[in-house]
Amino acid sequence: MSQPDVLAWRDGQITALDQTALPRRIRTLRITTVDQLVQAITTLAVRGAPVLGAAGALGVALAVRQGRAEGWDDARLAKEVSRIADARPTAVNLRREVSVVAARIPEGAAAVEAAALAVLDLAAEASRRISKRGAAYLAQACGGGRLRIHTHCNTGSLACLGWGTALGVIRAVHEAGALSHVIVDETRPLLQGARLTCWELGQLGIEHRLACDGAGPFLISRGLADAVVVGADRVAANGDVANKVGTYGLALAASRAGIPFLVAVPESTIDEAAPDGRSIPLEQRPDEEVTVPAAPPGTKALNFAFDITPAELVSAVVTEERLIPGGRGGSFS
Ligand code: MRU
């Protein structure tokens, strides 16, 4: 069965696969206003760092069209564009691609749309190159044998377009005949691993096992994984990594077990303006995502969507351009 596009620009509208409905339903959203886009991003119907960047880019094109139809002045347009950039704070791709495309606004709607579509093309192409480079790194770092790879959250085509980042690396290892199976964390509280990564791996015919988040570090300590591969929402200039909450524990366990901890990202996820992890804004989401349905009414939560893995726990960061040794393998620069 052919799948609808994860994200596309059709007749001046954004279409997006609703990632809150998967895997039970394949539903495409038609997004025609900035309000609808901001809603789709904040509810995680559209999510994953590179897709957030691409959605932000298309969002600028959408805002320009809506502004023309509704007679917005420049100040209103700038305000609406900022709302898109601010919809989620941690993934630097969103803010970055919005500002790249917004810089073309003075050239007119056609230039803005072309710039936005170029972001989508580049994202898909980047993920193909990341996948190959990451697989080559693992072949060298792990030696022979078929690999058991532990991953967290969702980093496949749903999050990235193309093959994905961490999941793209896993796919390239699989295509090389060097994969045993994938261990997928469920990824609390919104279950991107259980719902989305297991769905994508199933579609690809890649063997996988689903694990509770809390089990991940223990499974690694028992020698059940040969490597951990994750994506990121932002990598600071010193190599600290912001990724879905739960990543830090896996990195600690991987370091202790002496297995590679690989971070796969496009260059656009590296933020030279953030000196270290402490300068990366970490999104905190509504209590109800954690408390409902199990906790007593009125329970308060600490719902950080992301955590910071210090560079010293990272073996390497792989991008479409380069392999950067992390703190465990050299120095990040
Ligand atoms: O909250 P999400 O689902 O947008 O979080 C996504 C992640 O944490 C991914 O690991 C990250 O964006 C990298 S996607 C290639």
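**Cavities, ligand surroundings and local backbone geometry**

The second largest cavity is lined by Arg188, Pro189, Leu190, Gln192, Lys244, Arg285, Glu289, Asn303, Phe304 and Ala305. The structure is a predicted model, in which local features need pLDDT of at least 70 and side-chain atom pairs count only at pLDDT 80 or more, while totals for chains, interfaces and linings use all residues. Residues are numbered from 1 along each chain as its sequence is written, and side-chain values use heavy atoms, with hydrogens and water left out.

A cavity is here a set of points, on a 1 Å grid over the protein atoms alone, where a 1.4 Å probe fits but cannot get out; lining residues have an atom within 4 Å of a point. Grid points are joined across faces, edges and corners, and a volume is the space filled by probe spheres set on the points. Two cavities of 30 Å³ or more were found in a search of the whole structure.

The second largest cavity holds about 40 Å³ of space. Its lining comprises four nonpolar, two polar and four charged residues (nonpolar: Ala, Val, Leu, Ile, Met, Phe, Trp, Tyr, Cys and Pro; charged: Asp, Glu, Lys and Arg; polar: the others, Gly among them). Two of the lining residues, Arg188 and Pro189, are joined by a cis peptide bond with omega near 0°. Pro189 is found in the loop between strand S5 (179–185) and helix H8 (192–204); helices (H or I, at least four residues) and strands (E, at least two) are DSSP runs, numbered from the N terminus.

The largest cavity contains about 180 Å³ of space. Of the 23 residues that line this cavity, Arg47, Gly48, Ala49, Asn154 and Asp233 lie nearest its centre. By class, the lining has 11 nonpolar, eight polar and four charged residues. Helix H2 (49–70), helix H6 (157–160) and strand S9 (241–244) each contribute at least two residues to the lining. At least three lining residues come from each of domain 1 (7–122) and domain 2 (129–325), with bounds from an automatic or database domain assignment.

The ligand is surrounded by 18 residues, the closest being Arg47, Arg88, Asp233, Asn243 and Lys244 (a heavy atom within 4 Å). The protein covers 100% of the 410 Å² of accessible area (Shrake-Rupley method, 1.4 Å probe) that the ligand has on its own.

Further backbone features were found in loops. The peptide bond from Val292 to Pro293 is cis, with omega near 5°, and Pro293 is found in the loop between helix H11 (288–291) and strand S12 (306–309). Asp11, although not a glycine, has a positive phi of about 50°; this residue is found in the loop between strand S1 (7–10) and strand S2 (13–17).

Methods
1 Å grid on protein atoms, 1.4 Å probe; cavity = no way out; pocket = protein on both sides within 12 Å on 5 of 7 lines; lining within 4 Å.
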